[in-house]
Amino acid sequence: MDFKADPSAVTINLLLIVHPEETASKQKGQRERQTEGGRGAGLQDDGNGNSRAQPPQQRDLNGRRVSRDPCEKTQTVTPYSNEETQVTVEIHPKNTTGQLIKKLSLGKGPQRLPSLRGQDNKAYPWDKSSLKSMPVDLRQFEKLDAYALKVNVTNSVEELVKALLKQARTDLEKVRAIWMWICHHIEYDVVGYRDKSQLSSKPIDVLQTRKSVCEGYAELFEHMCSIAGIQCMKLSGYSKGFGYKIGQTFTGDSDHAWNAVYLEGRWHLLDSTWGSGSVDDSLTKFTFRYNEFYFLTHPALFINNHFPDNSNWQLLKPTLTLKDFENNMLHKSNFYMLGLLSAQPETAVIPTVNGKASVSVDCRAATLFMFKLKGTDEHGLMTLKKHGMKLDIYPQKTGSHKLQIFAKPSKGSEAIYKCVLEYVVECKSVDKAMRFPKDLHQPVGPSWFTERQGFLRPSHPDPVIHTNDGRCSVTFTLGKDISVLASLHCDNGSLMEDGGRRHIMQIHRGNQIELKIHLPHAGNFVLKIYAKKKSDPGNYDYIFNYLITCLNTEAKWPAFPQSYSKWAADYEILEPLSGLLPANRNVQFKLKMHGIAKVLVQAENTYPLTQSRGYWEGTCNTSGCREVYVMVHENANHSFYSHVLKYEVEAQ
């Protein structure tokens, strides 16, 4: 076509680029992202984090940013299409030539970024079915993951992607290879986080320096997916990451960036920053610590700590409001990776009721828990359940108290406890009656764990035993080859180590064991139970404990009589149970012992006991003595007796 010269025309120098619709869309997105200011990376306190960002920009329906600067805005001419190829014509200022000269190719047919309008969003709350937003078998990635970790290309992003895709066939495998490489090769830039002037989020800069903040992680991931032919978006919004305070509100600029990828007909979410590692509390050192949780995370779990600027990118139905996001409990990634399902209450701030606050956790399998209230495990009662735990907290001071819940798998004793939940307990009044002994260990009471140690069918399944008169009895069915040791403890120093054991009497009847407890006074006591194999010559191992409470100030029981090594586990004292006998009295004895030839009670004089129906019975007078011994003659052919019991006599 010829154009006539017009004397009034103004000469304009323009660069005209013609490329397919798909390429135009991708390049447009890349240019828009290049115009954004550098953004700090999100850092989570369990290994990740965040920072402040540039003001949020306008977005289209798909959540893509729309530049506000008219000088950098691309003008798109209506596409011209023929039977074979659809193209887009873009007009750019001449001074952008260097940024826009790229490898161009023509694609067949119109290709656009998939819309969110037809997205089959996930239901909220989480249905507890899967941690992922699509079926993923991590075992099938083992070879690909190992290969991706070994790829070492730094000259260009294109060459890096080309190398990674050699072992990737499907779109999912391509995304996986890119994800694994970034998470294991890009470290968080703690210096750039503090000094934005030294920070660049351009993919080539991130590749060559091998470090960035969240903006750079997300930019690189999006660019690598684009080269691999994967539809990918960089998203931004608020996060509950580094520096997050329980109960805080979110205002102003977004503080984190992550990605969405289009696989198998729908969008999926991931965060390579939080998947890569962790920083220390002072934000001065980064440590690679891979976190699988943030790869294709289920949207109902991702929203727990990621709130996108565009609510459509929650990929949920219904979507949450910012107020919901602020109020909802923060579940750390460890919570779900350990197989935990839910926690109550669902709000992060718990007010006490009559000095008490309660927390419970449900899980798929047996899990070990512990807690810290202001850094200690005091002022609480934690009990293990078959599928979770329950915790009652009794703060002994009013005000705000930080409560942390930790968990680890029941299998593998070497595993460490990981923080899974954090609450703030607001205490308005103190229940002084619930001040626990310092010797109380968490968790309290019998559980699936004590069953594994051989303590079956407990008579008291609850962690607290209440007694009105200062006496109680606990029974179990024991597993094979188990020897038991028990001791009683309190805070006022009234029980020495030996005295703590003498207020407990063991009675064995076949595979049943009964622990009779006589408290020396009213108050709160800890009953600790230890065990070992009978065939094991080693020490006893701590198994669990009970809390025993008695409010009756009239309760005051002496210790049981002292027993010696010859007192067999299946012997039993029926009377006298008190280890302190009255002076100048006739005292009735009734003992259950087998395999014995003779039994004598040694006081000022010696009193033989007679055997009747399996019991040894008789009377002893305590006049003129301070101690009384029970002695046995095991074999009629032997000439010596063995001491089995010792009683004290009250002062005259």
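Author: A helix axis here is a line fitted to C-alpha atoms over the stretch in contact, and an angle between two axes runs from 0 to 180 degrees between N-to-C directions. Helices (H or I, at least four residues) and strands (E, at least two) are DSSP runs numbered from the N terminus. The model is predicted, with local features needing pLDDT of at least 70 and side-chain atom pairs pLDDT 80 or more, while totals for chains, interfaces and linings use all residues. Residues are numbered from 1 along each chain as its sequence is written, and side-chain values use heavy atoms, without hydrogens or water.

Reader: At what angle do the axes of H4 and H8 cross?

Author: Two packed helices are described by the angle between their axes and the distance between the axes. For H4 (residues 157-164) and H8, the crossing is at roughly 65°, and the axes come within 9 Å. H4 passes H8 in a right-handed crossing; right-handed means that the near helix is turned clockwise from the far one by less than a right angle, and left-handed means anticlockwise.

Reader: Which residues of H4 and H8 meet?

Author: Contact means heavy atoms within 4.5 Å. Val157, Glu158, Leu160, Val161 and Leu164 of H4 meet Leu220, His223, Met224 and Ile227 of H8. These residues divide into seven nonpolar, one polar and one charged, where Ala, Val, Leu, Ile, Met, Phe, Trp, Tyr, Cys and Pro count as nonpolar, Asp, Glu, Lys and Arg as charged, and the others, Gly among them, as polar.

Reader: How is H5 oriented against H8?

Author: H5 and H8 (residues 214-227) pack at an angle of about 150°, with axes 10 Å apart. H5 is therefore roughly antiparallel to H8, as angles over 145 degrees count as roughly antiparallel, under 35 as roughly parallel, 65 to 115 as roughly perpendicular and the rest as oblique. This crossing is right-handed. From H5, Val175, Ile178, Trp179 and Ile182 meet Tyr217, Leu220, Phe221, Met224 and Cys225 of H8. By class, that contact has nine nonpolar residues, with no polar and no charged ones.

Reader: Which residues does H5 bring to its contact with H3?

Author: The residues of H5 are Glu173, Arg176, Ala177, Met180, Trp181, His184 and His185, and they meet Leu144, Asp145, Ala148 and Leu149 of H3. The classes here are six nonpolar, two polar and three charged.

Reader: What are the angle and axis distance for H3 and H5?

Author: H3 (residues 142-150) packs on H5 (residues 171-185) at about 45°, with their axes 9 Å apart. H3 is therefore oblique to H5, and their crossing is right-handed.
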